[in-house]
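This short report looks at the overall build of one protein chain and then at one part of its surface. Please keep the sequence and the model in view while reading.

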Amino acid sequence: MQDEIINKVANSVLEVFDLEDYYAKEIRTQIDISQWLYEGFLLKEKDFREALKNHDWPQYENHYVAIHCSTDAIIPAWASILVTIHVSPFAKKVVSGNLQDLETALYQEILASIDYSKYQDKPVIIKGCSKKPVPESAYILAVQKLQPFAKSIMYGEACSAVPLFKRK
């Protein structure tokens, strides 16, 4: 006689908070300012402005865009601002930095808009494994948002969770 297999996790009050569920689906693009610099290092204003004027900006329609410079060039602040002015009419969001900075900015917006009251006085597990590029900063933001509500917070999977917080 076999015993019935019971999924104790599914039957528990444990709430799973999966950051992957909040991952924005739009395309991420990194624009490297060095492509418009003389030999990748020197900004010649006239040439820079002309290159921006002739660039194919509509290709960034509905993209999330990160603007950065991959070389050690010292560029004036207005250069990134000018790139932003050109790409903003097409992009969904523009940030200064790399793709990880972009992910952080996206998660800041998304996590700020969630109603966390459904986690009130419940044990919460922040799911650890992700197939999408969820930055560590998103987990840090999530725990700050959950902490005022959750009875306890764990990290990982239900079968091997690491306890992080328990309200006294």
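In the predicted model, residues 24 or more positions apart account for 77% of the contacts in the protein with a separation of 6 or more, where contact means heavy atoms within 4.5 Å. The model counts local features only at pLDDT of at least 70 and side-chain atom pairs only at pLDDT 80 or more, while totals for chains, interfaces and linings use all residues. Residues are numbered from 1 along each chain as its sequence is written, and side-chain values use heavy atoms, with hydrogens and water left out.

The protein has 5 helices and 7 strands, taken as DSSP runs numbered from the N terminus (helices H or I, at least four residues; strands E, at least two). From the N terminus on, their order is α-β-β-α-β-α-β-α-β-α-β-β. The protein is more spread out than a compact globule, because its radius of gyration is 22 Å, well over the 15 Å that the globule rule gives for 168 residues; this radius is taken over C-alpha atoms, and the rule is 2.2 Å times the number of residues to the power 0.38.

| Property of the protein | Value |
|---|---|
| Box filled by C-alpha atoms, along the principal axes | roughly 80 × 40 × 25 Å |
| Buried residues among the 168 residues | 38% |

Areas come from the Shrake-Rupley method with a 1.4 Å probe, and for residues only the protein chains shown count as cover. Buried means under 20% relative accessible area, exposed over 50%, and partly exposed in between.

On the surface, Tyr38, Phe41 and Leu42 form a nonpolar patch with about 320 Å² of accessible area together. Phe41 lies in the loop between strand E2 (28-32) and helix H2 (45-54), and Phe41 counts as partly exposed because its relative accessibility is 48%.

Conventions. Patch = residues over 30% accessible without salt bridge, like charges linked within 9 Å, V, L, I, M, F, W, Y side chains within 5 Å. Salt bridge = Lys/Arg side-chain N within 4 Å of Asp/Glu carboxyl O. Buried < 20%, exposed > 50% of the residue type's maximum accessible area, 1.4 Å probe, protein only.
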